[in-house]
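Reader: Could you walk me through one part of this model up close, the sheet and whatever packs around it? I'd like the cut-offs spelled out as you go.

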Amino acid sequence: RASSGSEASDMEAARRGLQNDPRVIEASDAAMTQRYLLEEIKPMPVSEEAVRARYEGIVASLGEHEFKARLIAVSDEAQARDLLEQVKSGKADFAQLAARHSLLPSRERGGELDWVSFKTPAREGQTQSLPLPVAEAIAALSPGMVVAQPLAWQGRHYLIRLDESRPTQIPAYDQVRDPLRRALEARELEKSTAELVTRLLAKAR
């Protein structure tokens, strides 16, 4: 009965000429494209060994301590110095200033970053995506301290406060296996998609 009802609906839609409606054509094209992508994009499966290797690589990159810090980044040095003075004098709260002035996405959380751990002394490319000067400054602070001067890096001026520091907490493999697998699968999907786009562009030329 459901099939008959669907067929009747299709016939009525065709009688009204809806198959020529631009929205119907657009939806059909989108469905066809989606079907094509599903058939052509074939990412490599992620093995348990790959997930385990990723976990062990992350663990090996961690330092003895992890840090919870807040950042403010602005483009003007004078503004950075003014904000720092407001924090040091107690006229304004660091998190409130971050929410109002910071150029970083973390402004939505008052400048708060996730817990981060890296080996010290910090080295380029081994700071969990933090700029090296920022990581060095974080590692040099004690909890509750703010940098003495704004930190200049690539056209921005950073204010940094360390909220907490603790021995690095390493989750058990079973706790993070599924998120790691999903991350690796997303990476493989992105890689497979890029390869398809490259092939299509080559054919287009």
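Author: Let's start at phenylalanine 67, whose bridge partner in strand 2 is valine 116. Strand 1 and strand 2 run antiparallel and are joined by two bridges; strands pair here if DSSP finds at least two bridges between them. Strands themselves are DSSP runs of E with at least two residues, helices are runs of H or I with at least four, and both are numbered from the N terminus. Before going on: this is a predicted model, where local features need pLDDT of at least 70, side-chain atom pairs count only at pLDDT 80 or more, and totals for chains, interfaces and linings use all residues. Residues are numbered from 1 along each chain as its sequence is written, and side-chain values use heavy atoms, with hydrogens and water left out.

On to the other neighbour of strand 1. Strand 1 and strand 4 pair in the antiparallel sense over 10 bridges, and in that pairing alanine 73 stands opposite tyrosine 158 of strand 4. Strand 4 also runs antiparallel to strand 3 (residues 151-153), with three bridges between them. One of the facing pairs there is alanine 152 with histidine 157 in strand 4. The hairpin of strand 3 and strand 4 has two residues between the strands, and glutamine 154 in this hairpin takes a positive phi near 50 degrees.

Put together, that gives an open sheet of four strands in the order 2-1-4-3, with antiparallel pairing. Strand 2 and strand 3 stand at the edges with a single partner strand each, so one side of each has no neighbour in the sheet.

The largest nonpolar core has 32 residues, and Ile72, Leu130, Ile138 and Ile160 touch the most other members. A nonpolar core here means a set of buried Ala, Val, Leu, Ile, Met, Phe, Trp, Tyr and Cys residues joined through side-chain atoms within 4.5 Å. At least two residues of this core come from each of strand 1 (65-74), helix 4 (77-88), helix 5 (94-101), helix 6 (132-140) and strand 4 (156-167). Strand 1 gives the largest share, six residues. Take isoleucine 160: leaving out residues up to four places away in sequence, its contacts (heavy atoms within 4.5 Å) include Arg70, Leu71, Phe94, Val134, Ile138 and Met145. Apart from this core lies another one, of six residues, among them Val46, Tyr173, Leu180 and Leu184.

What about aromatic rings? A search of the whole structure finds two aromatic pairs. Rings of Phe, Tyr and Trp (its six-membered ring) count as a pair if their centres lie within 6.5 Å, and the planes make it stacked under 30 degrees, edge-to-face over 60 and tilted for the rest. Tyrosine 55 and tyrosine 173 are edge-to-face, because their ring centres are 5.3 Å apart and their planes are at 70 degrees. This pair links distant parts of the chain, with tyrosine 55 in helix 3 (residues 48-61) and tyrosine 173 in helix 7 (residues 173-204), 118 residues apart.

Phenylalanine 67 lies in strand 1 and phenylalanine 118 in the loop between strand 2 (116-117) and helix 6, so the pair ties together parts that are 51 residues apart in sequence. Phenylalanine 67 and phenylalanine 118 are both buried.

Arginine 166 lies over the face of tryptophan 115, at 3.8 Å from the ring centre. The charged end of arginine 52 sits over the ring of tyrosine 173, 3.8 Å from its centre. The test for such a charge is NZ of Lys or CZ of Arg within 6 Å of the ring centre and within 35 degrees of the ring normal.

Technical notes:
Buried < 20%, exposed > 50% of the residue type's maximum accessible area, 1.4 Å probe, protein only.
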